[in-house]
Amino acid sequence: MIESPYQPSPDRYDDGMVYRRAGRSGVLLPAFSLGMWHNFGSGQAFSNVQRMAHYAFDRGITHFDLANNYGPAYGTAEENFGRLMERSFRPYRDEMFIATKAGYDMWPGPYGNWGSRKYLTASLDQSLRRMKLDYVDIFYSHRHDPETPLEETLQALVDIVRRGKALYVGLSRYPLEAARFAFRYLAERDVPCLLFQDRYNIFSRQPETSGVLSLSAASGSGFVAFSPLAQGLLTGRYLDGIPQDSRMAAGRSLQREVLTDAMLERLRALNDIAQQRGQTLAEMALAWLLRDKRVTSVIVGASSAAQIEDNLRALENASFSDDELARIDALSRE
């Protein structure tokens, strides 16, 4: 059977998506971005990858977040995105904000990891070939390299923009002082850091406590939160124990030891607050991030279009009373 050409929804920008400004820039990002860390690589049927990506775009999600080693296996999420570009997304490239990153292990030997100019430059060239793109909208240094001079990493980012391989640059998971230096270095070379990315959720408050969230805002950088549901802990799946088909049962990025009796009590108490708000636990956890105007976008992962649909319901109620925030805060820090 011949597949019909993809036609995105004509209502994609009028269907409830909210767009937020990225720091002091001209870029607006959707409140939710589609993360392609899991479920978009070679282990997933391409038909489902396509279904999820199309559904996201149809609902106004214009920001697609990738990295060189996303899969599994390494590179295959970008390869599948390249297939999407060739099969359906090419006519809509200018409506999309596409991100990739380099900084973690990608290929063998001394030049396939961390933050050297050689690695960052080669990795981006490979990513562009896999994704069938001439440029990405933003390229991130995926993590701080304590061994490579920070100036080398940052100047590579500057030069990547000047070569036209990326429109903007970003930083991910940099410690506070390295981020402070990086923001200043990049701004002085007229290639300011557009976005800072970090793990942030009800249970992971490090961007708040370290000061990096405030620093990003003061430096004119937007902030993108990843792992908003704490690797699935805040989805509500674990309120009655560990499901057999869950990530925790399989030991994939969420270990059984996390779900102590005390944690289970906290999850159930948070779920009670969510129910009082008329939300699921996952919807409330996502809305909690959006309550802070310093958060430009929240990266959501998914294994189905239905999961994306569920996550988008958080936009229906993203305001909190002082009492709700205090109760959530108490439960997050126990």
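Helices (H or I, at least four residues) and strands (E, at least two) are DSSP runs, numbered from the N terminus. The model is predicted, so local features need pLDDT of at least 70 and side-chain atom pairs count only at pLDDT 80 or more, while totals for chains, interfaces and linings use all residues. Residues are numbered from 1 along each chain as its sequence is written, and side-chain values use heavy atoms, with hydrogens and water left out.

Ala 230 has a phi near 50°, a positive value in a residue other than glycine. Ala 230 is buried, with a relative accessible area of 11%; buried means under 20% relative accessible area, exposed over 50%, and partly exposed in between (1.4 Å probe, protein chains only). Asp 190, in the loop between α5 and β8 (193-199), also has a positive phi, near 60°. At 69% relative accessibility, however, Asp 190 counts as exposed. Most residues other than glycine have a negative phi, and most peptide bonds are trans.

That brings us to the loop between β4 (63-65) and α2 (76-89), where Pro 72 is found. The peptide bond from Gly 71 to Pro 72 is cis, with omega near -15°, and a cis bond also joins Pro 72 and Ala 73, with omega about -5°.

The largest nonpolar core has 98 residues, and Phe 64, Phe 81, Phe 89 and Leu 234 have the most contacts inside it. Such a core is a set of buried Ala, Val, Leu, Ile, Met, Phe, Trp, Tyr and Cys residues joined through side-chain atoms within 4.5 Å. Helix α10 (residues 281-290) gives the most to this core, with 9 residues. A second, separate core of 12 residues includes Val 27, Ile 138, Tyr 140 and Phe 226.

Finally, look at two helices. The axes of α4 (residues 150-162) and α5 (residues 176-188) come within 10 Å and cross at roughly 40°; axes are lines fitted to C-alpha atoms, for helices over the stretch in contact, and angles run from 0 to 180 degrees between N-to-C directions. Helix α4 is therefore oblique to α5, since angles under 35 degrees count as roughly parallel, over 145 as roughly antiparallel, 65 to 115 as roughly perpendicular and the rest as oblique. Thr 153 lies in helix α4 and is buried, with a relative accessible area of 3%.
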